Amino acid sequence: MAKLNPYVSFSGNCREAMQFYKQCLGGELVLQTVGEMPAMAAKMPPEMKDHILHSSLTSGGITIMASDLNRNKPVEGNTVHLCINCDSDEEINHFFTGLSAGGTITEALTKMPWGGKYGSLTDQYGKHWVFNFQMG
Amino acid sequence: MSVIHSYLTFNGNCREAMEFYQDCLGGELSFQTIGESPMAEEMPPPLKESIVHATLTRGPLVLLASDMVSDKGLIKGNAVSLLLQCHSEEEAKEYYTKLSAGGQATHPMEKGFWGAVFGDLTDKYGNQWLLHCTHQKNIPHEKD
């Protein structure tokens, strides 16, 4: 059955951002550069060889994929958020604190009427995140 | 286990858009409106039908959305896309045709150098989709 994942675009700082996400979320990070694909590297300027063609961070049920290669220059909007449904109070606090470093907290973690602990932030790379932990 | 989903924001047309995505992808769709929520009394009547939270679920596929826009308003970007991982080329092509209706078929499905079938599109609500299928149609199935 089909699966849906957020795919995040960067302009040359994909490696740095994904390493930051790994620090925050844990998991296993795989990075593939343009230079590792000689057929592709041959068509691109030499300074692009360290750019990330494709990367994925997998931490349990969380998979984030990202790239430096874009058909159009990335424009940061705010209509698509990365939403993490957390498993525990410790985890939501840990993820939220980590990802907000150098970014902006838009809504601090708060207990909401739907019985969740909820918060949102924009990280240092301009990506928007929302977090929820549904409390028992 | 913690999970990640894409959460979309709309400006009053969340219901219409999510019904479109349900037509394209199948699955079960549920809505909570402002009128049904504890916020109902604080909001002006025209907003009663606005969607606080919508969920489309089909097996492992989950898409979340809302009409609740932050103070900054809606800013359309292109730096986060929705990657739809399909299990067959037929499935990918069918989704591609449906999702691109009324939108832009920016890069029709074709075989990528890494051996997968891949395409991208911008749907009629301005959201970007990547469709990907690694299934090799011609590989014979193993015998049971």
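Trainee: How many strands form the open sheet, and in what order?

Mentor: Bearing in mind that this is a predicted model, the open sheet has eight strands with mixed pairing, in the order S6(A)-S7(A)-S8(A)-S5(A)-S1(B)-S4(B)-S3(B)-S2(B).

Trainee: Which strands are at the edges?

Mentor: Strand S6 (104-111) of chain A and strand S2 (28-33) of chain B are the edge strands, each of them pairing on one side only.

Trainee: What about S1(B) and S4(B), do they run parallel or antiparallel?

Mentor: They run parallel, and four bridges join S1(B) to S4(B). At residue level, B:Thr9 stands opposite B:Ser66 in S4(B).

Trainee: Which strands does H1(B) touch when it packs on the sheet?

Mentor: H1(B) touches S2, strand S3 (51-58) and S4 of chain B, and the direction of H1(B) makes about 0° with that of S3(B).

Trainee: Staying with that helix, at what angle do the axes of H1(B) and H2(B) cross?

Mentor: The axes of helix H1 (residues 14-25) and helix H2 (residues 89-100) of chain B cross at roughly 155° and come within 9 Å, which means that H1(B) is roughly antiparallel to H2(B). The crossing in which H1(B) passes H2(B) is right-handed.

Trainee: And which residues meet there?

Mentor: From H1(B) there are B:Asp23, B:Cys24 and B:Leu25, and these meet B:Tyr95, B:Lys98 and B:Leu99 in H2(B). Sorted by class, this contact of H1(B) with H2(B) has four nonpolar residues, two charged and no polar.

Trainee: Switching to chain A, how far apart are the axes of H1(A) and H3(A)?

Mentor: The axes of H1(A) and helix H3 (residues 89-100) of chain A are 8 Å apart, and the two helices pack at an angle of about 150°, so H1(A) is roughly antiparallel to H3(A). The crossing of H1(A) and H3(A) is right-handed, and the residues that make the contact are A:Gln23, A:Cys24 and A:Leu25 of H1(A) with A:Phe95, A:Gly98 and A:Leu99 of H3(A).

Trainee: What classes of residue are in that one?

Mentor: The contact of H1(A) with H3(A) has four nonpolar and two polar residues, with no charged residues.

Trainee: New topic: where are the domains of chain A?

Mentor: The domain assignment places domain 1 of chain A at 7-67 and domain 2 at 82-134. The C-alpha centres of domain 1 and domain 2 of chain A lie 24 Å apart, and seven residues of domain 1 are in contact with six residues of domain 2. On the side of domain 1 that touches domain 2, helix H1 (residues 14-25) of chain A gives the largest share, with four residues, and the residues of that side are five nonpolar, two polar and no charged.

Trainee: Last one, how many residues does each chain bring to the contact between A and B?

Mentor: Chain A and chain B bring 37 residues each. On the chain B side, the elements giving two or more residues are strand S1 (3-9), strand S4 (61-66) and strand S5 (80-86), and the residues of this side divide into 21 nonpolar, 12 polar and four charged.

Trainee: In what sense do S1 of chain A and S5(B) pair?

Mentor: Strand S1 (residues 3-9) of chain A pairs with S5(B) in the antiparallel sense, over six bridges, and the bridge partner of A:Tyr7 in S5(B) is B:Ser81.

Key
Residues numbered from 1 in each chain as written. Chains lettered and ligands numbered in written order. Predicted model: local features only at pLDDT ≥ 70, side-chain atom pairs only at ≥ 80, totals over all residues. Domains from an automatic or database assignment. Contact = placed C-beta atoms within 7 Å. Nonpolar A, V, L, I, M, F, W, Y, C, P; charged D, E, K, R; others polar. Pairing = 2+ DSSP bridges. Axes fitted to C-alpha atoms, helices over the stretch in contact; angles between N-to-C directions. Parallel < 35°, antiparallel > 145°, perpendicular 65-115°, else oblique. Left-handed = near helix turned anticlockwise from the far one by under 90°.
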